[in-house]
Amino acid sequence: MGPTHAMSGAAVGLAIAQVLPAEWGGVTTAEEAFVYAGLAAGAALLPDLDSPQATVARSFGLLSQVASRTVENFSQGFVNLTRGRRDPRCNNGHRTLTHTVWFALAAGAGATALIGAYGKSAVIGLLFFLLSLAIRGLLPEWSKKSDWIVVTGTAAGLAYGAWYFIPAASLGLVLGSAVTAGVAAHLLGDMATKRGIPVFAPLVPLRGRRWWNLRLPRFLSIRASGPADKALLLVFSVLVVAQISLIASPPLVTALGW
Ligand SMILES: [Zn+2]
């Protein structure tokens with residue numbers, strides 16, 4: 001589901017970029033909107049860091065494998081530490097701690113805090129990290145065929161370009177909101193699968209459970225990697241292309257009277 005998650009992050013990112021308040025130092029040019037969407041697309045892969053098979057866990061070789069195992073183990077321990085009396089014992093941390101609304105907020109706040117503390121070097125680091133993920137998520141075939149140096153070099157080039165040409169994108173609040181938007185898009189996608197995710201865990205107990213899963217009504221739920229996953233990828237791709245054409249051609253927007 002990696003590509004579907006990344007594409008949903010890009011679609012949500014483009015939509016939010018168009019309505020962000022200007023007082024946030026917000027997104028005012030087409031280039032800024034695209035960078036914002038790229039960051040959200042990358043962030044939309046972050047929750048699956050708790051699964052060693054996921055795109056995000058394979059993106060930076062041994063380093064991301066170790067990070068992934070650490071996150072998975074930590075999440076498992078955290079669930080067992082906080083579970084309610086009716087929650088079953090957790091044997092695998094996938095789809096737990098990083099699949100909550102609290103993680104979405106913390107990831108965005110963390111990015112904003114990093115930028116507050118380290119300024120430009122944090123901005124360029126985050127741009128590189130998230131755009132690397134976005135490339136692997138949005139262009140999975142190309143990324144698999146190409147040498148990792150090519151993929152990493154492309155991400156570095158994009159990150160430098162974004163940082164150099166778009167100073168407004170360096171504002172912490174804007175960048176942090178792109179991260180939260182991307183993670184939230186991922187959570188919505190997983191909520192649409194049959195298993196659901198523990199969105200409010202462990203803070204909201206329900207009938208003796210703290211790690212209960214929230215899912216969409218049965219008729220709306222899909223199977224990960226099934227045909228519905230492919231259909232969703234197509235829908236999000238269309239939404240991305242449509243929004244890019246709208247953002248890139250203001251005359252069209254004027255002509256349509258928006
Ligand atoms: Zn997930």
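This is a predicted model: local features need pLDDT of at least 70, side-chain atom pairs count only at pLDDT 80 or more; totals for chains, interfaces and linings use all residues.
1. Overall fold. The protein chain contains 11 helices and zero strands. Its order along the sequence is α-α-α-α-α-α-α-α-α-α-α.

2. Overall dimensions. The C-alpha trace of the protein chain spans about 60 × 40 × 40 Å along its principal axes. The radius of gyration is 18 Å, which agrees with the value near 18 Å for a compact globule of 258 residues.

3. Helix H1 against helix H6, geometry. H1 covers residues 2-17 and H6 covers residues 120-138; the two pack with their axes 8 Å apart, at an angle of about 120 degrees. The crossing of H1 past H6 is left-handed.

4. Helix H1 against helix H6, residues. On the H1 side the contact is made by Gly-2, Pro-3, His-5, Ala-6, Met-7 and Ala-10, and on the H6 side by Ala-134, Gly-137 and Leu-138. By class, this contact holds six nonpolar and three polar residues, with no charged ones.

5. Helix H5 against helix H6, geometry. H5 takes in residues 101-118, and its axis lies 6 Å from that of H6 where they pack, at an angle of about 140 degrees. H5 is therefore also oblique to H6, since the roughly antiparallel class begins over 145 degrees.

6. Helix H5 against helix H6, residues. Ala-111, Leu-114, Ile-115, Ala-117 and Tyr-118 of H5 meet Ser-121, Ala-122, Val-123 and Leu-126 of H6. Eight of the residues in this contact are nonpolar, one is polar and none is charged.

7. Annotated spans. The unreviewed UniProt entry lists residues 96-115, 172-189 and 231-253 under "transmembrane region". Two of these spans are described in the points below.

8. Residues 96-115. This stretch is 75% helix and 0% strand in the model, and its end C-alpha atoms are 27 Å apart. For comparison with the annotation, helix H5 is assigned to residues 101-118, while the UniProt span is given as 96-115.

9. Residues 172-189. Here the chain is 100% helix and 0% strand, with 26 Å between the end C-alpha atoms.

Definitions and conventions: Residues are numbered from 1 along each chain as its sequence is written. Axes are lines fitted to C-alpha atoms, for helices over the stretch in contact, and angles run from 0 to 180 degrees between N-to-C directions. Helices (H or I, at least four residues) and strands (E, at least two) are DSSP runs, numbered from the N terminus. A crossing is left-handed if the near helix is turned anticlockwise from the far one by less than a right angle, and right-handed if clockwise. Two residues are in contact if their C-beta atoms, placed from the backbone, lie within 7 Å. Ala, Val, Leu, Ile, Met, Phe, Trp, Tyr, Cys and Pro count as nonpolar, Asp, Glu, Lys and Arg as charged, and the others, Gly among them, as polar. UniProt positions are given in the numbering used here, feature names are shortened, and annotations may be inferred rather than shown by experiment. Angles under 35 degrees count as roughly parallel, over 145 as roughly antiparallel, 65 to 115 as roughly perpendicular and the rest as oblique. The radius of gyration is taken over C-alpha atoms; the globule rule is 2.2 Å times the number of residues to the power 0.38.
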